Amino acid sequence: MSIVEAGALDHVIRFLQSENINLQESATAALLTLSASISNKPIIGASGAIPLLVNILKHGTTQAKVDAVMALSNLSTYTDNLTVIIKTDPVPSVVTLLKSSKRSSKTAEKCCSVIESMVGFDEGRTALAAEDGGILAVVEVLENGTRQAREHAVGALLTICESDRCKYRELILKEGVIPGLLELTVQGTPKSQTKAQTLLRLLRETPYPRSEFQPDTLENIVCNIISQIDGDEQSSKAKKMLAEMVQVSMEQSLRHLQQRALVCTPTDL
């Protein structure tokens, strides 16, 4: 019999409701551990623990907040928990924690994991856009986060833009997202690369494919976006990243050709 099946969860929840800070921290840490188990996720979600975790995220100690967002990240991978989480309005508190965290940290990664899940709902997208520096914080993780964090960040921005391009395109562009997206197209995980390329297409002037005279290449898409960017510094940085991206792409193509040549070269004739 598991700890949860043995009834320990009821005690953990009571500790979460306690005014004793030490008990709150211990209970949050316990929920973080329990939430890692797939079989526990629906049980915890149905227990009433999620609103308490979000309350800890708003008012708890620094360590309790970190453990709370990590537990919410674990719980968000169970689909039925998502509607419970979004009803607690967690995005403002998650953004606040993200903004106070190092962008390359595990905490930032888990914050972006929760944000990516929440922007699947209109309430989550609205809350993120309304938070001062909310989208910017996600863009900064896209640039400087762990590989997994960058995947969550680009996923969140893509979901937002796909939901309502006219509403969110400018909000995303003005935060200087292009250099980070360019880097992801060549250095990100396979998922990050695909999402970054899709988002770049959505961010250009027109979302529709170009004619045969203007091929829908990544370079053309990016050049179109760069021409619309306000500010010399952002535009210069984006152009530099484009040049680097093309260079890396050429090097990768050359290595691929060399490998094919080695495979195709007859030996021991």
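Me: What should I know before we start?
Reply: This is a predicted model, where local features need pLDDT of at least 70, side-chain atom pairs count only at pLDDT 80 or more, and totals for chains, interfaces and linings use all residues. Residues are numbered from 1 along each chain as its sequence is written, and side-chain values use heavy atoms, with hydrogens and water left out.

Me: Why is S76 called buried?
Reply: Buried means under 20% relative accessible area, exposed means over 50%, and partly exposed is in between (1.4 Å probe, protein chains only). S76 has 7% relative accessibility, so S76 counts as buried.

Me: Where is S76 found?
Reply: Look at the loop between helix 5 (62-75) and helix 6 (79-86). Helices here are DSSP runs of H or I with at least four residues, numbered from the N terminus.

Me: What is S76 in contact with, leaving aside its neighbours within four places in sequence?
Reply: Contact means heavy atoms within 4.5 Å. On that basis S76 is in contact with L82, I85, S113 and S117.

Me: Is E109 buried or exposed?
Reply: Buried, because its relative accessibility is 7%. K106, with a relative accessible area of 47%, is partly exposed.

Me: How do you know that R150 forms a salt bridge with E183?
Reply: The closest N and O atoms of R150 and E183 are 3.6 Å apart, which is within 4 Å, so the pair qualifies. R150 lies in helix 11 and E183 in helix 13 (residues 178-187), so the pair ties together parts that are 33 residues apart in sequence.

Me: Why is R150 called buried?
Reply: R150 has a relative accessible area of 9%, so the label is buried. E183, at 23%, is partly exposed.

Me: What about R169 and E170?
Reply: These two also form a salt bridge, with the closest N and O atoms 2.7 Å apart. R169 counts as buried because its relative accessibility is 8%, while E170 is partly exposed at 47%.

Me: How many salt bridges does a search of the whole structure find?
Reply: The search finds 6.

How values were computed
Helices (H or I, at least four residues) and strands (E, at least two) are DSSP runs, numbered from the N terminus. A salt bridge is a side-chain nitrogen of Lys or Arg within 4 Å of a carboxyl oxygen of Asp or Glu.
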